[in-house]
Amino acid sequence: MAELFLTPIVDVTINKLTSAIVDQINLAVSWKEELRRLKGRLTMIQALLQDAGRRQVTESAVKLWLERLRDAARDADDVLDEVAYENLKRKIEIQNHMRRKVCYFFSLPNPLIFQMKMAKKIKNIISSVDDINKEAQGLRLQPIPVGLNSEHRRRNPQTHSFCDLSQVVGRDYEVSRIVELLTDSANQQPLWVVSIVGMGGLGKTTLAQSVRNDERIKKGFTKIIWVCVSENFDMERILKEMLKSVAGRACGDITNVDTVIEIIRNELAEENFLLILDDVWSSENWKELRGSLLAMGNKLKSRIVVTTRDEKVASIADHKHHLKELEDDKCLSIIKQRAFGDSSIPSHVGLEVIASEIATRCRGVPLVANVIGGILRNNMSKDYWLSIKNMNAWELSEGEARILSILRLSFDRLPEPALKQCFAFCSIFPKDYVMQRKILIDLWMAEGFIQLPEGSSKSMDDIGNEYFNDLLSYSLFQDLKSDFLLEDLTCKMHDLIHDLAHSVSKHEIVILETMSERNIPDNVQHLNLIYGGEMVPTILADVAQNLHTLFSKHDFSNGMQRDFKRLRVLNLCGADIEELPFYFET
């Protein structure tokens, strides 16, 4: 049974209610008492969420209670957005009238009708929340205070280089070994393949990146091509990514695979190339792809590297390299670097011994050491470090389920509910997606995740940048790069971190990648349609009216439901559309 994580939703709604109540020029001034009542009810429920979250796994009645609470919190959030929008709209209308020097009282829209409409909605929400409170008593949910304690307080901003030294810790021998295999001139086998195999979090991609950046590789291969394959082994997409890499341009309108292969062949001529296929989950179309690659470049000196979690996929290689866990001292090195940077561990509080014991519990997984280091850097008290060392998640069984439970700690300890929403929202992007900082912050603002505190001198951009840096600090973002063309920073999420984001947002966010996933739950708020087929998915009316976000590469001029009254973000990049469809203009 999938879990619901409602604390961020309820907390952010309470914060918005506080802002609406204190806003002296808000259109809701005539019914601020209703907003106070709603805030009080939600605050009472807020204290029950920790107990409900624990019990929902085994008690279906508690799960249903949380679903009703989720719907009520969403309704409240939508009403507050309507109020904020109407308030801003009225300010602009008044300013426009003032500029014309003539302002007739009766020419301005009458807010009375709007206020009556909102008052009715808020009373209905209060009634629903009252019922939810009564049900909580029947379920005997216990209040547990959730105020910000010392471990959740935001620290003073610090500067970071975000140099992820875990990328090279403990892997020098393996990098050298794989480089030697790839550059062995005595090996004349056509398109010789090396696979790097191991469970998630061990650093397969990081190892492949280190191999790619080795000077011997740069000298031995005139073309180095990197393609992230991910879960769907789509040969057409892989070839198009190769073309983009070797030719420095996208395919544009080219849809014929044979044409793409011919262009790549001409670009490579007789050059030695190294093709790195990262994060491969299936070998279904491998023979077909390899057959096409044999016709490209100098096949006797060209090589392929495959990274995968799957032993069956790894077996396609001529040489299989099993990536092992790191030694404890290497995990300790990663933790110390993440927690302290270039500073040394304060000896007077005994953190060195605790850090060493935590490193042992990482069981050689660098991703876990990296994330734990990010958690520890935010609180230097001995008690806090001991609480991390003694947490129950360490006792779970081996494998990726254990790793995910430990990574969840990083999410739980994010210092603000809004920051949790910002992180969870990133699961709307597919795995291995390159996120651009400025665009990401704009999306967070459009979704209403970033709110200015009363009396704050900061801008929303300032807060958005703080959130971005926080997620880097907690190791939830990685591969930070500076893009000089975009004049911005870019980053990615590790696959397991993306799984974490998905696990806390699966009831809110859906990515539609294949037509087999066409059934979209009615309660979804954020939808990304990246399916590339000719059939256009149909968005049902019940789904459309709840959507806050729609990303799509499709032209929906025909057959789309048109009730998008709650839409906050619309991204039609890649869709064959020359002008905005009229049903998005109202």
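This is a predicted model: local features need pLDDT of at least 70, side-chain atom pairs count only at pLDDT 80 or more; totals for chains, interfaces and linings use all residues.
What covers the buried residues of helix H19? Residues are numbered from 1 along each chain as its sequence is written, and side-chain values use heavy atoms, leaving out hydrogens and water.

Back to H19, residues 437–447. Helices are DSSP runs of H or I, at least four residues, and strands are E runs of at least two, numbered from the N terminus. Buried in H19 are Leu-440, Ile-441, Leu-443, Trp-444 and Glu-447; buried means under 20% relative accessible area, with a 1.4 Å probe and protein chains only. They sit on the same side of H19, because they cover an arc of only 155 degrees around the axis. That arc is taken from the directions from helix axis to C-beta atoms. The cover includes helices H18 and H20, plus strands E6, E10, E11 and E12. Contact here means heavy atoms within 4.5 Å. Gly-448 follows H19, with a positive phi near 85 degrees.

Next, Leu-274. This residue lies in strand E3, residues 273–280. Leu-274 counts as buried because its relative accessibility is 0%. Its C-alpha is 6.1 Å from that of Ile-225, 49 residues away along the chain. Setting aside neighbours within four places in sequence, its contacts include Leu-182, Phe-221, Arg-303 and Val-305.

Definitions and conventions:
Buried means under 20% relative accessible area, exposed over 50%, partly exposed in between (1.4 Å probe, protein chains only).
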